[in-house]
Amino acid sequence: MTSRAGEPFDTDRAAAEAAELLVAPLPADGPFAAEGDPVTGEWTATAGAGFRIVPLWEGDPLTGVYAPEWNDAEEAAASHLAGLARALDARWGPHRRLRLDGPLLRRQAGLPVDPLFEALFAQDLYGDLEVWGPLDPGGRWVALIAGHGDGDAPFVLAAVAGDRPFPEPADGDGPL
């Protein structure tokens, strides 16, 4: 669960919070670590060497939910991601997609992946990155990602900021 559980999605708020990542502090080095609300323990952010990930929205839990309601939840997450991407495209110009299926296959095979990808997967963010950058001020990179861990977990939409380009998985960056 994230600190966003129960909040309605608001594109303007989410866009503003994504933009705040352009000036948010980023650790220079060290392993990544998830941060949680001190009272509830709900995930509030993950930070690692040169990056920060924050939840922007969390859908309803999907325990006991089946099609068509499950499909509706998946479509809502995709719609929130697309709407937010359009808002950020208007602000920062067109984004590009960075596919994460190769790093995910590597991780599933027990092979090492970039710490940023490992941090995303640790929060059950198994989608592709929608990336903008470098952006002013400071040349940071910002991305959006939506995903969920299993059939019962809620969908989560998150923003990622980095002080360097996000790693490009090589073609065939899977375990085969």
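## A strand-pairing tour of the chain

Two strands count as paired if DSSP finds at least two bridges between them. Before going further: this is a predicted model, in which local features need pLDDT of at least 70 and side-chain atom pairs count only at pLDDT 80 or more, while totals for chains, interfaces and linings use all residues. Residues are numbered from 1 along each chain as its sequence is written, and side-chain values use heavy atoms, with hydrogens and water left out.

**The overall build**

The chain has 4 helices and 7 strands, and from the N terminus on they come in the order α-β-β-β-α-β-α-α-β-β-β. Its radius of gyration is 16 Å, close to the 16 Å that the globule rule gives for 176 residues, so the chain is as compact as a globular protein of that length. That radius is taken over C-alpha atoms, and the rule is 2.2 Å times the number of residues to the power 0.38. Along its principal axes, the C-alpha trace spans about 40 × 40 × 35 Å.

Of the 176 residues, 44% count as buried. Buried means under 20% relative accessible area, exposed means over 50%, and partly exposed is in between (1.4 Å probe, protein chains only). As for contacts (heavy atoms within 4.5 Å), take those between residues at least 6 apart in sequence: 63% of them join residues at least 24 apart.

**Strands and hairpins**

Back to β3. The strand is joined to β7 by 7 bridges, and the two run antiparallel. β3 also pairs in the antiparallel sense with β2 (residues 43-48), over 3 bridges; on that side, A47 stands opposite R52 in β3. β2 and β3 make a hairpin with 2 residues between them, and G50 in the turn has a positive phi of about 80°. How enclosed is β3? With 8 of its 8 residues buried, β3 is largely enclosed by the rest of the structure.

β5 is another strand worth a look. β4 (residues 96-98) is joined to β5 by 3 bridges and runs antiparallel to it, with L98 finding its bridge partner in L129 of β5. Since 5 of the 7 residues of β5 are buried, β5 is largely enclosed by the rest of the structure.

In soluble globular proteins, nonpolar side chains tend to be buried together. A nonpolar core here is a set of buried Ala, Val, Leu, Ile, Met, Phe, Trp, Tyr and Cys residues joined through side-chain atoms within 4.5 Å. The largest one has 29 residues, and those with the most contacts inside it are L56, L84, L88, W92, L144 and L157. The elements giving two or more residues to this core include α1 (11-20), β3 (51-58) and α2 (69-92); α2 gives the most, with 7 residues. Leaving out residues up to four places away in sequence, L84 touches F9, T11, A14, A15, L56, L144 and L157.

A second, separate core of 22 residues includes V113, L116, A119 and I145. A119 sits in helix α4 (residues 115-122) and is buried, at a relative accessible area of 0%. Aside from neighbours within four places in sequence, A119 is in contact with F32, T46, F51 and I53.

**Salt bridges**

Side chains of opposite charge can pair when their charged atoms come close. A salt bridge here is a side-chain nitrogen of Lys or Arg within 4 Å of a carboxyl oxygen of Asp or Glu, and the structure holds 10 of them.

| Pair | N to O distance | Relative accessibility |
|---|---|---|
| D128 and R99 | 3.9 Å | D128 21%, R99 49% |
| E118 and R107 | 2.9 Å | E118 24%, R107 28% |
| D163 and R164 | 2.7 Å | D163 36%, R164 39% |

Besides these pairs, R4, E7, R13 and E17 are linked in a network of salt bridges.
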